[in-house]
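Here are a few exercises to work through with the viewer open. Try each one yourself before reading the solution.

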Amino acid sequence: MKKIAIGADDAAIELKEQIKQHLIDKGIEVVDFTPTSDAQNLLYPDIAFNLAMAIKDGDFLRGILICGTGIGMAIAANKIKGIRAAQCHDCYSAERARKSNDAQIMTLGARVIGAELAKSIVDTWLSSEFEEGRSLPKVERISHYENL
């Protein structure tokens, strides 16, 4: 993983910066989708949309979205056809998001988890790959329903 997209709303700027630095320290290029102007009025659906579209367009393989709970970012990103965003608040859910669901985006809640746990969750997610096998028909079915 050489390039990661990241974005956060006003509730998650501090955690986003810590995760961003963690990735940079690992030699991963990070592109930040967080608007720099008018930080008090960041609307997470706009940030999620822009990042998810960049993944859909093939500019990135994976992205990380952070808001207060991670819920709103996941809901917004999942509105984009072909995107699978998973809310992750522990290493097991992060691993399964990739291995079982082929989630291209993980969402985190800055008001739910601390920075050190978030770094571990990100590391687990980045080191996990889609296993296909029994999960492939399920992911394909998600795509089927998405196309109705």
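This is a predicted model: local features need pLDDT of at least 70, side-chain atom pairs count only at pLDDT 80 or more; totals for chains, interfaces and linings use all residues.

**Exercise 1.** In which sense do strand S1 and S2 pair, and over how many bridges?

*Solution.* Residues are numbered from 1 along each chain as its sequence is written, and side-chain values use heavy atoms, with hydrogens and water left out.

Step 1: find the strands, which are DSSP E runs of at least two residues, while helices are H or I runs of at least four, both numbered from the N terminus. S1 covers residues 3-8.

Step 2: apply the pairing rule, at least two DSSP bridges between two strands. S1 and S2 pair in the parallel sense, over four bridges. Ala5 stands opposite Val31 in S2.

**Exercise 2.** Work out the strand order of the sheet, then see which helices lie on the sheet.

*Solution.* Step 1: the sheet is open, has five strands with parallel pairing, and reads S2-S1-S3-S5-S4. Its edge strands, S2 (29-32) and S4 (85-87), each pair on one side only. From one strand to the next, the twist averages 25 degrees.

Step 1: look for contacts (heavy atoms within 4.5 Å). Helix H2 (residues 44-56) lies across S1, S3 (62-67) and S5 (105-109), at about 175 degrees to S3. Such angles run from 0 to 180 degrees between N-to-C directions, with axes fitted to C-alpha atoms, for helices over the stretch in contact. Helix H5 (residues 115-127) touches S1, S3 and S5 too, making about 170 degrees with S5.

**Exercise 3.** Is Lys16 buried or exposed, and what is Lys16 in contact with?

*Solution.* Step 1: Lys16 is in helix H1 (residues 13-25). Lys16 counts as buried because its relative accessibility is 3%; the cut-offs are under 20% for buried, over 50% for exposed and partly exposed in between (1.4 Å probe, protein chains only).

Step 1: leaving aside neighbours within four places in sequence, the contacts of Lys16 include Ile6, Asp32 and Ile66.
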